[in-house]
Amino acid sequence: MTRRTALIRRPGPRLADGLVTHLEKSEIDLGLAVQQWEDYTATLRTAGWETVEVPAADECPDAVFIEDAVVVSGDLAILTNPGAAERKPEVAAVEGVVRDLGYRVVRIEDPGTLDGGDVLKVGDTAYVGLGGRTNGAGIQQLAGHLESVGMRTQAVTVERALHLKSAVTALPNGTVIGWDPVVDWPGAFPHYEGMPEEGGAHVVLLDDNLLLMAASAPRTAELMRSRGHEVVTVDISEFEKLEGCVTCLSVRCRG
Ligand SMILES: CN(C)C(=N)NCCC[C@H](N)C(=O)O
């Protein structure tokens, strides 16, 4: 049976100090955020995922966005080198967890920077956002590591969004979906389709036909249901205020 493990990391007391780049800062309700995180992680478990908690990094406000700290593919865990200095200390505690899960561990090193939110895997292609957080050296190193697990890498410019996966994710059939105003280069993807809402650009594939989406994208959820997908939604409003989305709150390990 294939492993379905999701790495998660509890929000810390400093969450409200998290970085914002493309949004105005707004007030965060920490109690509500913790409740939303509990709901999100419970949704993963209900869908059959075992959740593994990475030790909290309470001094790092953005640590809950665990997706940015590690990229997994096949038997490989690639520890990232986040592009924002404040986020670099998040990575250290991930290493022990992925080693315990049996992954071969490699890392992105200076001068390369890379955030996991910039890596979108579709089949055997990893599209990687080249933008504010991930640089060319980081993409080159990633490409070398991914080659060892049979993945090819393609860089995609990201200027209008924080991360590539802030702008686009992919449906089970490989179609890349996005929210047009923040997608710099839709032609990079063989099949691209714009969605009616910003939050509609983000799906987590929980199963062959089961999508996890944010409650902030009801029209897109309806569109997906009308096409035969099952959709579960979670309210992640407090994380959206910090430019987070459903993908950022976990790292899905399949295999
Ligand atoms: C796909 N996305 C958006 C992510 N993987 N990460 C979101 C990180 C948000 C955090 N406040 C920051 O600015 O780093």
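Biologist: In this predicted model, which side chain has an N or O atom 2.7 Å from an oxygen atom of the ligand?

Modeller: A polar contact here is a pair of N or O atoms within 3.5 Å. The side chain of Arg 133 supplies such an atom, 2.7 Å from a ligand oxygen. The side chain of Glu 67 has an N or O atom 2.8 Å from a nitrogen atom of the ligand. Leu 242 takes part through its backbone: an N or O atom there lies 2.8 Å from a ligand nitrogen.

Biologist: How much of the ligand does the protein bury?

Modeller: Taken alone, the ligand exposes 400 Å², and 100% of that is buried by the protein. The space the ligand takes is the largest cavity.

Biologist: Which residues come nearest to the ligand, and how do those of the shell divide by class?

Modeller: There are 17 residues around the ligand, and Leu 19, Asp 68, Arg 87, Arg 133 and Leu 242 come nearest. By class, the shell holds 7 charged, 6 nonpolar and 4 polar residues.

Biologist: Where does UniProt place the feature "active site"?

Modeller: The unreviewed UniProt entry puts that feature at His 163 and Cys 248. They are spread over 86 residues of sequence, yet they cluster in space, with a largest C-alpha distance of 10.2 Å. Both His 163 and Cys 248 belong to the lining of the largest cavity, the space taken by the ligand.

Biologist: And in which loop is the place of His 163?

Modeller: Look between β8 (152–157) and α4 (164–167): His 163 is in the loop between them.

How values were computed: Residues numbered from 1 in each chain as written. Predicted model: local features only at pLDDT ≥ 70, side-chain atom pairs only at ≥ 80, totals over all residues. Heavy atoms only, no water. Near = heavy atom within 4 Å. Polar contact = N/O pair within 3.5 Å; in protein donor to acceptor, adjacent residues only side chain to side chain. Areas by Shrake-Rupley, 256 points an atom, 1.4 Å probe, with all protein chains shown as cover. 1 Å grid on protein atoms, 1.4 Å probe; cavity = no way out; pocket = protein on both sides within 12 Å on 5 of 7 lines; lining within 4 Å. Sits in = over half its atoms within 2 Å of the grid points. Nonpolar A, V, L, I, M, F, W, Y, C, P; charged D, E, K, R; others polar. UniProt positions renumbered as here; feature names shortened; annotations may be inferred. Helix = DSSP H or I, 4+ residues; strand = E, 2+ residues; numbered from the N terminus.
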